[in-house]
Amino acid sequence: MSEVIYQIKKLVKNYSMESQTLHILKGLNFTVSRGSAICIMGPSGSGKSTLLNLMGALDQPSSGEILYYGRDISNWTEDQKAFFRRDKIGFVFQSHYLLKEFTVLENISLPAYVAKKSKKKLLERAHFLADTLGLKERTNHYPSQLSGGESQRVAVARALMNEPEILLADEPVGNLDRKNGIIIRDLFLDLQKRFNLTLLTVSHDSFFAGAFSRIVKLEDGCLSESV
């Protein structure tokens with residue numbers, strides 16, 4: 001039996017507005033095994049991105065537990081959460097958020113600079129990831145010189161820079177055409193196996209989700225189906 005990396009218990013997330021309270025997540029129970037590949041599906045506003053942000057310690061739940069190897073990350077200090085995000089999590093978003101004044105290699109290397117890793121090791125890792133993701137000939141290019149698919153591959157390489165245990169991807173092909181979307185989807189699944197990652201990705205696209213071994217469906221803040 002696979003080891004449980006995440007256990008979500010009775011997870012609730014509300015946002016208070018001026019005149020009302022928005023109930024985003026309504027008591028979710030959800031378990032993630034180490035090394036699994038999961039796509040969280042649902043329409044806009046269903047709570048997918050909110051769930052991903054909570055699991056990545058980017059947001060705080062209203063109630064419930066988010067257990068990482070049995071430890072509730074919502075009780076951690078801000079420093080503990082920051083180290084968790086830096087060392088254990090790789091984030092990929094719908095927009096690539098590359099720094100336009102940095103080259104491809106510099107953008108990939110950025111998380112390792114933040115972690116104060118040695119320049120020799122971080123450059124070796126950055127070149128390795130650039131080669132792995134088909135960016136070997138682009139390392140000295142700037143984001144303005146890249147296609148949409150190439151830019152997202154740089155974002156994926158950057159997410160993998162600190163050798164994370166978990167890769168969280170929020171609508172990673174939302175800004176790409178179908179051809180590049182398939183390339184990125186297949187790349188995620190290949191990297192998940194190659195590096196033994198726990199992969200959680202959010203999508204509203206059933207074609208994208210169809211390649212995943214497990215699909216979790218969120219609708220109106222509720223976990224409606226798990227396959």
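Predicted model: local features only at pLDDT ≥ 70, side-chain atom pairs only at ≥ 80, totals over all residues.
Q: How many disulfides does a search of the whole structure find?
A: A disulfide is a covalent bond between the sulfur atoms of two cysteines. Its cut-off here is 2.5 Å between the sulfur atoms. For C39, the nearest cysteine sulfur is that of C222, 19 Å away, and C222 is likewise in no disulfide. The search of the whole structure gives a count of 0.

Q: Is C39 buried or exposed?
A: A residue counts as buried under 20% relative accessible area. C39 has 0% relative accessibility, so C39 is buried.

Q: How many residues of the lining of the largest pocket are nonpolar?
A: The lining divides by class into nonpolar, polar and charged residues.

Q: Which elements give two or more residues to the lining of the largest cavity?
A: The whole structure has 1 cavity of 30 Å³ or more, and about 40 Å³ of space lies in the largest cavity. The residues that line the largest cavity are L52, N53, L58, F91, V92, F93, L168 and D170, of which 6 are nonpolar, 1 is polar and 1 is charged. The elements that supply two or more of the lining residues are α1 (48-55), β6 and β7 (166-170).

Q: Which strands stand at the edges of the open sheet?
A: The open sheet has 4 strands, with antiparallel pairing, in the order β2-β1-β4-β5. An edge strand has a single partner strand, so one side of that strand is left without a neighbour in the sheet. The strands at the edges are β2 (21-33) and β5 (71-72).

Q: Which residue in β5 is the bridge partner of Y68?
A: Strands of a sheet pair through backbone hydrogen bonds, either parallel or antiparallel. Strand β4 (residues 63-68) pairs with β5 in the antiparallel sense, over 2 bridges. The bridge partner of Y68 in β5 is R71.

Terms used
Residues numbered from 1 in each chain as written. Heavy atoms only, no water. Buried < 20%, exposed > 50% of the residue type's maximum accessible area, 1.4 Å probe, protein only. Nonpolar A, V, L, I, M, F, W, Y, C, P; charged D, E, K, R; others polar. 1 Å grid on protein atoms, 1.4 Å probe; cavity = no way out; pocket = protein on both sides within 12 Å on 5 of 7 lines; lining within 4 Å. Points joined across faces, edges and corners; volume = space filled by probe spheres on them. Pairing = 2+ DSSP bridges.
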